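This report looks at aromatic rings and their surroundings in one protein model. Please keep the structure in view while reading.

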Amino acid sequence: MNQTEELRDLLYDKVKAEYDQFLDGLKTLPVEEVIQKSYEKVFKEDILLTFEESEHFSDEQLKALLKTSNTLDACYTAWLKQDYTYMDMLSDTIGDYAENRVKEIVKAQKKKSEPER
């Protein structure tokens, strides 16, 4: 195993432990608070998955993240400052889906109006 792989594994293990601790904390909260924290839970899980597939981080970045006191919370906070891009992507995805549905409906209507042979 090379140094980069070791750093990736160390970082993943660190963030996984932080995520597990976060989940344990959620389990002690009233249902209403858990619901309020559901967004945080989903995105912290996605952050964890990013670290599982962290091949695009340099050794310097991996080392810097390993030195961060609570990497998961720090990355989540950074995400919150950039959240607008997620909503743009979501809006684009819904728009693309709607456009494809329009095309499907038009195609189906054309097919119905064509005379049978």
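A residue is called buried if its relative accessible area is under 20%. In this predicted model, Phe51 is buried, and Phe57 is buried as well. Phe43 is likewise described as buried, with a relative accessible area of 10%, and Glu40, which has a relative accessibility of 15%, also counts as buried.

How many aromatic pairs does the model hold? The count comes to three aromatic pairs, and two of these are set out below with the distance between ring centres and the angle between ring planes.

| Pair | Centre to centre | Angle between planes | Kind |
|---|---|---|---|
| Phe43 and Trp79 | 5.1 Å | 20 degrees | stacked |
| Phe51 and Phe57 | 5.8 Å | 35 degrees | tilted |

Because Phe43 belongs to helix 3 (residues 38-52) while Trp79 belongs to helix 5 (residues 71-82), their pair ties together parts that are 36 residues apart in sequence. The pair of Phe51 and Phe57 counts as tilted because its angle of 35 degrees falls between the limits of under 30 degrees for stacked and over 60 for edge-to-face.

The charged end of Lys44 sits over the ring of Phe22, at 4.3 Å from the ring centre. Phe22 is also touched by Glu40, and Glu40 touches Asp73 and Tyr76 too, when residues up to four places away in sequence are not counted. Glu40 itself is placed in helix 3.

Methods. Residues are numbered from 1 along each chain as its sequence is written. This is a predicted model: local features need pLDDT of at least 70, side-chain atom pairs count only at pLDDT 80 or more; totals for chains, interfaces and linings use all residues. Side-chain values use heavy atoms; hydrogens and water are left out. Rings of Phe, Tyr and Trp (its six-membered ring) pair if their centres lie within 6.5 Å; planes under 30 degrees apart count as stacked, over 60 as edge-to-face and the rest as tilted. Helices (H or I, at least four residues) and strands (E, at least two) are DSSP runs, numbered from the N terminus. Buried means under 20% relative accessible area, exposed over 50%, partly exposed in between (1.4 Å probe, protein chains only). A charge sits over a ring if NZ of Lys or CZ of Arg is within 6 Å of the ring centre and within 35 degrees of the ring normal. Contact means heavy atoms within 4.5 Å.
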